[in-house]
Amino acid sequence: MTASPIAIPAFNDNYIWAFHQQDQCVVVDPGDAAPVERYLSENGLTLSALLITHHHPDHVGGIAALIRDRDIPVYVPEIGRASCRERV
């Protein structure tokens, strides 16, 4: 696993965070799927999980697109689970 998170620029003022080991990548708070897909493609990585810290749109907006064709876990705190389900 990378020792430090990799910042994937998103929107005008935000980041999506990625950790990877070999060709597997875990993404934190994917507010937008496009920058994540680009990062994965450019680096030859496979998305293996999503970690969501809370349910704000700039943290969950990309979930639906990222899991559409993938069978990966999405880790969400219990308190935000219902709000995230509404957005997927």
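Predicted model: local features only at pLDDT ≥ 70, side-chain atom pairs only at ≥ 80, totals over all residues.
Residues are numbered from 1 along each chain as its sequence is written, and side-chain values use heavy atoms, with hydrogens and water left out. Local features need pLDDT of at least 70 and side-chain atom pairs pLDDT 80 or more, while totals for chains, interfaces and linings use all residues.

**View 1. Asp29 in its loop.** Here's Asp29, in the loop between strand S3 (24–28) and helix H1 (33–43); helices (H or I, at least four residues) and strands (E, at least two) are DSSP runs, numbered from the N terminus. Asp29 is buried, at 7% relative accessible area; buried means under 20%, exposed over 50% and partly exposed in between, using a 1.4 Å probe and protein chains only.

**View 2. What Asp29 touches.** Beyond its neighbours within four places in sequence, Asp29 is in contact (heavy atoms within 4.5 Å) with Ile16, Leu51, Ile52, Thr53, His54, Asp58 and His59. Its side chain meets that of Thr53 in a polar contact of 2.6 Å; the term covers N or O pairs within 3.5 Å, where within protein one atom must be able to donate a hydrogen and the other to accept it, and residues adjacent in sequence count only if both atoms are side-chain atoms. As for His54, 25 residues away along the chain, its C-alpha sits 7.9 Å from that of Asp29.

**View 3. Tyr15 with Trp17.** The structure holds 1 aromatic pair. Tyr15 and Trp17 make up this tilted pair, with 5.8 Å between centres and 40° between planes. Rings of Phe, Tyr and Trp (its six-membered ring) pair if their centres lie within 6.5 Å; planes under 30 degrees apart count as stacked, over 60 as edge-to-face and the rest as tilted. Tyr15 is partly exposed at 44%, and Trp17 is partly exposed at 33%.
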